[in-house]
Amino acid sequence: MARYASPVSAPASPATASIRRIAHLDMDAFYASVELLRYPQLQGLPVVIGGARRRPDDALLQKHAGLPLSEIPVDDFPRLKDYAGRGVITTATYAARQFGVGSAMGLMKAAKLCPQALLLPVDFDEYRRYSRRFKDVITEIAPLMEDRGVDEVYIDFTEVPGGQRDGGRSLARLIQKSIFDATGLTCSIGVAPNKLIAKMASEFNKPKGISIVMPDDLQALIWPLPCRKINGVGPKTDEKLQAQGIHTIGELAAREREGLIGHFGKSYGAWLHEAAWGRDERPVVTESEPVSLSRETTFERDLHAMRDKAELGAIFTALCERVATDLQRKGYVGKTIGIKLRYDDFRSVTRDQTLEHYTAEVKTIRLAAGLCLKRVDLSRRLRLLGVRVGSLRRVNADDAATQQTKDKNKSESEAINSGANTLPLF
């Protein structure tokens, strides 16, 4: 196996300089954990969150009006086995995940795996409230924090008091305890020389875990892992790597850079080489607004627009639903809708179109993305499909414009429903 080189490639500073320590903090089953604060009687039970948004007229709450939420009988909660529809799972408790149930899985499919699971609607307002609370706790302790979504952040420990002690473990413990004391929620933290390794490390000991990776730990802790553990390596790439006898990150690191470029292209091949050696110089960015939000999936097998029309149509709609969900829970609307396709020869194409108004509605996104499909070659086999919404702004930037958006979206949605058969489903 090749000799390790430090994942931090910047030249060494004077002996007194701090070692770069970057943390990735990931809340444990965040949505489900927030719901368990509301319904503590469901602790330890398989619970699935998804399908629909929580409404004031929710049947469960109406039935038990005036009764504390913590006293609603478990037997009165809806069961996954009784669900009918095309909704997808947003998240699930660890008890449900033991049955193979997971995020982005169709609820009907999940019902076959865990019919006894309890089904709760999503409550994005509540999740955003708790998200703000735990992030406020973090920035009081370590101000250099990069927001990566409602339930995860990167934190620069390097110059924070205690950030170097025991590789960052002491500071990670303080942050974990402070978040729990303020919210009742738990999190897992990975601390490493950079973002790439920190994100992998945060998954080592979930839930409630702290994992420390030092610069000399790459061979022992990272190289034995499957290549899929690298954030950015999907199932199709992993399949191609395995076909070349590359199963672990260490085996990937042992391959020549030029060979990887030859197989995966100049940009992606070079990135694979750097990632395998744990090199990542991206800084923690404290002030950033997303330019776009997207969802994409790499297929386990190449799909064809004609022969696999129904499967592709379902995947495409699910991606639109997930992008709409991301927009709504993060508080954004957008007006540029786009798609991304990657063919079986690894060539990628994108198409987009800009609407006259902002939206976060799934039906509007689905219609615009479907129209983009008409402008690409669908005669080739596909290995990846993606949906993107760009030109974002926050929902509360202009209340009047937001209401106008809702009115237009309602009219558009009704038009889409009345002409659903015209939607291009591959």
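**The core and its sheet**

Reply: The largest nonpolar core has 43 residues, and the ones touching the most other members are Leu25, Phe30, Ile138, Ile155, Ile175 and Ile179. (A nonpolar core is a set of buried Ala, Val, Leu, Ile, Met, Phe, Trp, Tyr and Cys residues joined through side-chain atoms within 4.5 Å; buried means under 20% relative accessible area, with a 1.4 Å probe and protein chains only.) Helix H5 (residues 124-141) gives this core its largest share, six residues. This is a predicted model, where local features need pLDDT of at least 70 and side-chain atom pairs pLDDT 80 or more, while totals for chains, interfaces and linings use all residues. Numbering starts from 1 along each chain as its sequence is written, and side-chain values use heavy atoms, without hydrogens or water.

Zoom in on isoleucine 155: leaving out residues up to four places away in sequence, its contacts (heavy atoms within 4.5 Å) include Leu25, Ile138, Ile175 and Val284. There's also a second, separate core of 31 residues, with Ile365 and Leu385 among them.

Now the sheet. Strands pair if DSSP finds at least two bridges between them. E1 (residues 22-27) and E7 (residues 187-192) run antiparallel, joined by six bridges, and histidine 24 has glycine 190 in E7 as its bridge partner.

Technical notes:
Helices (H or I, at least four residues) and strands (E, at least two) are DSSP runs, numbered from the N terminus. Buried means under 20% relative accessible area, exposed over 50%, partly exposed in between (1.4 Å probe, protein chains only).
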